[in-house]
Each structure stands twice: as C-alpha cells, then as structure tokens.
Protein chains: 2
Amino acid sequence: MAVTIKDVAHASGVHVSTVSRTFSAAHLVNAETRARVLAAAHQLGYRPNRAARALSTRRTGNLGLIVADIANPFFPPLIKAAQAHARASDHHVFVADTDEQARVEEELIRSMATQVDGALLVASRLSNRVINELSADVPFVVVNRRPPGLPAVLMDVASGARQAVEHLAGLGHREVALLSGPRASWTNQNLERAAAEEAERHGVRLHRLGPNQPTEEGGAAAAPDLLATGATAALAYNDLVALGLVGELRSRGLAVPDDLSVVGVDNTDTARHCDLTTVDMPTAAAGRAAIDLLLRRITSGDAPGTVTLDTRLIVRGSTAPPAG
Amino acid sequence: MAVTIKDVAHASGVHVSTVSRTFSAAHLVNAETRARVLAAAHQLGYRPNRAARALSTRRTGNLGLIVADIANPFFPPLIKAAQAHARASDHHVFVADTDEQARVEEELIRSMATQVDGALLVASRLSNRVINELSADVPFVVVNRRPPGLPAVLMDVASGARQAVEHLAGLGHREVALLSGPRASWTNQNLERAAAEEAERHGVRLHRLGPNQPTEEGGAAAAPDLLATGATAALAYNDLVALGLVGELRSRGLAVPDDLSVVGVDNTDTARHCDLTTVDMPTAAAGRAAIDLLLRRITSGDAPGTVTLDTRLIVRGSTAPPAG
DNA sequence: GGGGAATTTGCAAACGGTTGCATGAACATC
DNA sequence: GATGTTCATGCAACCGTTTGCAAATTCCCC
C-alpha cells in the first residue's frame, strides 16, 4: 500500500539508490535530478520508512523516556519539554510509565532497546548495577540519579531543601518532620542529607519519617506518626505527599498552616493551586538539558558529564510561625 | 554488537529460519530443537529486533497516542491506563504532544505513521477531512470525537453537564455563564448543547463566553466578561479553565462559592485538591476501552463501533446558593 | 516393503531502505 | 588527443526477520 522508495525511483526514472541519496545525502545528487525526484516523491506522498532505514543505519530516530508515574504532576512538564526539544531534532519519543516498579522498568527498557537510539531515565528506581548492565544496550542519560559513569542531569534538591529548613527555622519552628520518599530515590537521599545538615545548623530537631509512598496516600498515611512526634512543621518528599498530608490533617480538624506548617517539593501546578510552599524543580529545563546530553552522546559518541540545576524555595501560604 | 537471530542459529546449529519459527510459530518446530534454540537464545541474551520484524510482517507492535497537552492533568490518567493496557498485549506506546496545534498534530501523525500499527487520537483538533485522509495510512481510534466511520470512545459530557446545570438551578442560580473551550472540541460542542438544553428546561439564562483557551490563562482571561454578564455561577470547559477563573476572581477580592459558584469538567486531581465541583470524566476507562477497540481493529481488521461512557457531577465546595 | 501423508528443516526471496564500489560522462590540463 | 579529475549514477550486498516452497526424514497403513 504505502509508497516506497521504489515507486519514487520508477516515477522519476532513476535508481532507488539515487532516491535514497536525495533524502539522506542530497549533495551527492545532481540538482536537476534531485528536483525531479523530490517532485515525484511529493506527488506520490512518499515518506521514508524509518524502521527500514534503521536497519541499515542503526539509527531509529527514536528516543525512550522512562518515568515512574506519568500521573504524578512532576513528570508531565519534563516530558513535554523533552519531547518538544527532541522533535526539534527530528526525533520521536517513546514514553513509558513504570508504575514505580523496578521490574517493570527493566522490562520496558529491554523491550524498547532495539527501537531507540538512547533513553532518558527519570528518577529511575533501578539499582546502579542493573542500570550499568542495561546501558550496554542503550545509551542512557539519567535525570535525578548518579550512576557512576553515566551522563546525568540533576535537579539539586539540596539547595531548595536548605532554604526550606532555613525558612521554617526563621519562622520559629524547632521541631520539623521530614516525610521521606523511596529509598532508591536519589532526590530523597539528597533531601534527607541537606535537611539534616541545615536543621543542625539552625538548632532544629529533625524527625525523619518514612520511607513513604510518593503519593497522596503516602502523605495521608504518615499523619499519625507525624503528629506523634510533636513537630510543628513538615517537609515532604514531594508535593503529592505534602498534599496528602494536608488533606489528612484537615480531615482531622487541624489547620494548615495555623496548627502545622507544610512544605512540599516539586512546585507542581497542584501545589500552586493549593497555595503550598514548595521547592521549585526546574523540570522543563531538565528535560531539555537531558535531551541535549542524550543527542550529543548519540551523535558524537562522547559521554558528556553532569549538568546540575539549582532549586529554590517558593514561599506560599502553607507555612507560618508555629502556634502558641 | 547486538545479538541477532543469526548468532542464535549458529550457536544452536540450525538455520535462521528455524530460530525465527521458534519465536513466531513454535508449533512448527520440533520440541527438542526448540528447546535447544531457546536455550541458546537465552544464554546469548537474544531479543528479536522489532523494527526488522516489522519490515516483513508489517506489524510493529507499536501504537501511537496523540494528545493535545500532556501537562493538562486530564490526559495523564488516560495515557497511563492506555499504556498499561497496551503493554498487557505486548504493545508499546508512542505518546506525542501536539501543543494544541492542528498543524503539529498532523505532522506528528504523518511521521509516526510508518512506525505504528494504529493510533489513538484523543481530543483531536484536526478537521474530519484531515482525519479521514490520515486514516488511510494509520488505523485510528478516536476519543472524544466523532468523525464519521471511525471507531470512537466517547466520554459523554452531556450527562454530567445536565447534572451540573440542574445542580446550579437547584441551588437557586438563574444566570449561569458557560466558559466554552476550543471550537474544534467535540466535548465543547456537547457541553454547550447539553448546558443550553438543561438551562432552558430549568428557566436558567445561559451566557456563553468564549471560545477560551483550555488553560488556566484562558479561565483567568474570561473573568472580566463573566463579571459583566452578572451571572452568579459559571460552568467551565474544563478544570483548568475553572481554576484559572477561581484564581482570578480571588485576586479581585471575590470569594468562591460565596460570590460566585464555579463548576469544572474533568475531575482532575487538581480539582479534588481545590475542592472544585466538577464533572467526572472516566479517563482511565476510556483509555482502556480505546486500546481495546484499536487492537481489535488492528488484529481482526473489523471497524468496531462506538463506546460511550457516562459522566457524572461531583459536588464539592465551589458551588453554593447565590449571594443575597 | 512400498506409497502417501505428516513433520521438520533449509533455501532464498522478500520487506524498505543505505552504502561501498565501479562505471561512465563531462571537463580541465598539458 | 591522451591523461587525470570530478561528478553523477547504477549495481549489489547488506541490515534482521519472515515465509512460501521444496527437500528430507519419519511414520503409518495396507
């Protein structure tokens, strides 16, 4: 059915190889011939078959993008930016949702391997060992992760986390809870470390709670433990956790920020709507940067280093001085 | 580099065609041989090259999923459900974001055409003519659209819209504004029609405003016109528009729902967080149903009909009786 | 034990492109 | 006018897999 290079060759009276060159190495074909071929191609509605081309060139023009949960509002802006940026270089993006499960993640990457030139791993839950193993098949760029030897884009949550703790300390909070996220999350590790250091610096006592599911349910479920600590403020792994917590507190008759201050991480649209103080993550910039690194790695084969993007605190209405 | 069928053939002492059959028509190969081939394949870490396979079979095992805006929280649950469902049938999903632009949408579909077996068009902005033209190249299933002759999954916003108007009328509102969305949106057309009918039935005057951008900015921008109408309640094209409106009203010193009731459409997570009354759209179910239709269409070639899913109003705190 | 069917395998031609090499034409150089 | 370049094109092999056809083997039945 589809019109192939052969049809174009026949229609324009040249060999298929000439047609091929017209599209992939135009300078090798005579201007006049090229015009004839292009006219025929256009008239027939010819479009090169990327899969077939990939067979010889070993370039599919596709990129993979692996995320833990598309429905987590942290990801869509990154996906969107990455995709738009990839499209500008004539690359398509395969988006895959791993459902936060390492096993699914691995399987998706494996089955995607032959169809992409490279992949972005965002907030991967895989072990470094597995990542390294897989990276033999597919060139990776990771986001918010630091497997040794792989190019990475990092949204350095530490800077924002320090600002958050400082902000809370400045408001007068002396007992702050940290609702941590998945153990395997690089962001979580950094968050924990930075928060602990900064708490120490300000003489704030930090109660670590977790790991929690990085979802609203996780945040809601953490409420009892949190209340038991006597903390007057909470810093959550991400906005979903923060909002889950806020919801649960409200349904227990507690007011935010009057009874308890809450800070999230990610600065999702939802946080903005809910007037949540949060750490802004430059997701769109990270998406673009990651695509840049990946394309550079693919085309020139070099393994470019690490890009670190700063984060910063956005103060909104969910934080206030402690009650009493 | 990658291990191919040839390597497996060599390692197990059979012809490549036997290896091929082991994977795609196992019953044609002797049990003993099959075991040997599988062992070799496993040991070498062989994975069939889908792109190469696609060349002969004309089946890529990939599906396209075209959405207007991944960052609109309406889409991710649908994407997620569709993808999980597709994966269960060993299909991959190409997600593409059109940025609400018909031109981009068309181009994406065209360049995706050779790499997918079929595609889901969600809330397409293309004209029926273009959709039909493209559907010669790619089997489509559309969501929230009714191009004649194409299988469709419809989330019937009309039922929810009627409930919404009835709800507002019941609260005592007599002047309701409708903040409509993109002209090309099937959902918008249905919403307008159903709201108008139901308003008529309840003696409510409906002020149509729009078309508005289906974003928060669009909602915010509509505030002045809305206030000029003297309406005491607003029904918005979607939750984003509703929330944009709410934000703008608040910044003008107006309270929701005390001064004005607002109803959204989609029942996104954001709406839930913001306590917005809204029409629930069964996005996950629609995603699954659409994949079902698409796979059926692809495998058995028949063009199954239309699936309609009902919507219903979720009453929350953004609606109340009119002031005074 | 001979004939036919069924089972298992190999061969080779596709699928739609790309690309190294060879051929041929046009042109310039001396 | 012989020689050497450059440019444009064709030829054919190849990318990894599938599949119709034929050959070879085994099995069954009379």
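A:Cys274 is partly exposed, with a relative accessible area of 23%, and B:Cys274 is likewise partly exposed, at a relative accessible area of 23%. In this predicted model, a search of the whole structure returns 0 disulfides over all chains, and A:Cys274 is in no disulfide, the nearest cysteine sulfur being that of B:Cys274, 4.2 Å away.

**Cysteines**

- A disulfide is a covalent bond between the sulfur atoms of two cysteines.

**The interface of chain B and chain A**

- The area buried between chain B and chain A is about 3,600 Å², and carbon and sulfur atoms give 54% of that area.
- B:Arg47, B:Lys80 and B:His273 supply 17% of the area that chain B buries against chain A, which is more than any other three residues supply.
- The contact draws 38 residues from chain B and 38 residues from chain A.
- Across the interface of chain B and chain A there are 16 residue pairs in polar contact, both residues of each pair being at pLDDT 80 or more.
- On the side of chain B that touches chain A, at least two residues each come from helix H4 (50–57), helix H5 (75–88), strand S2 (92–97), helix H6 (102–112) and helix H13 (269–273) of chain B.
- Sorted by class, that side of chain B has 18 nonpolar, 9 polar and 11 charged residues.

**Salt bridges between the chains**

- Side chains of opposite charge can pair when their charged atoms come close.
- The structure holds 32 salt bridges over all chains, and 10 salt bridges are found across the interface of chain B and chain A.
- One of the salt bridges is formed by the side chains of A:Asp99 and B:Lys80, at 3.3 Å from N to O.
- A:Asp99 lies in the loop between strand S2 (92–97) and helix H6 (102–112) of chain A, whereas B:Lys80 lies in helix H5 of chain B, so the pair joins two chains.
- Are the two partners buried or exposed? A:Asp99 counts as partly exposed at 42% relative accessibility, while B:Lys80 is buried, with a relative accessible area of 19%.
- B:Lys80 is also linked with A:Asp69, A:Asp97 and A:Asp99 in a network of salt bridges.
- A:Lys80, for its part, forms a salt bridge with B:Asp99, in which the closest N and O atoms are 3.3 Å apart.

- In chain A, the side chains of A:Glu133 and A:Arg129 meet in a salt bridge at 3.1 Å, N to O; both residues lie in helix H7 (residues 128–134) of chain A, 4 residues apart, which is about one turn of the helix.
- A:Glu133 counts as partly exposed at 40% relative accessibility, whereas A:Arg129 is exposed, with a relative accessible area of 60%.
- In chain B, B:Glu133 forms a salt bridge with B:Arg129, with the closest N and O atoms 3.1 Å apart, and both residues lie in helix H7 (residues 128–134) of chain B, 4 residues or about one turn of the helix apart.
- B:Glu133 counts as partly exposed at 38% relative accessibility, and B:Arg129 is exposed, with a relative accessible area of 58%.

Notes: Residues are numbered from 1 along each chain as its sequence is written. Chains are lettered from A and ligands numbered from 1 in the order in which they are written. This is a predicted model: local features need pLDDT of at least 70, side-chain atom pairs count only at pLDDT 80 or more; totals for chains, interfaces and linings use all residues. Side-chain values use heavy atoms; hydrogens and water are left out. A disulfide is a pair of cysteine sulfur atoms within 2.5 Å. Buried means under 20% relative accessible area, exposed over 50%, partly exposed in between (1.4 Å probe, protein chains only). Contact means heavy atoms within 4.5 Å. Buried area is the accessible area (1.4 Å probe) that two parts lose on being put together, summed over both. A salt bridge is a side-chain nitrogen of Lys or Arg within 4 Å of a carboxyl oxygen of Asp or Glu. A polar contact is a pair of N or O atoms within 3.5 Å; within protein, one must be able to donate a hydrogen and the other to accept it, and residues adjacent in sequence count only if both atoms are side-chain atoms. Ala, Val, Leu, Ile, Met, Phe, Trp, Tyr, Cys and Pro count as nonpolar, Asp, Glu, Lys and Arg as charged, and the others, Gly among them, as polar.
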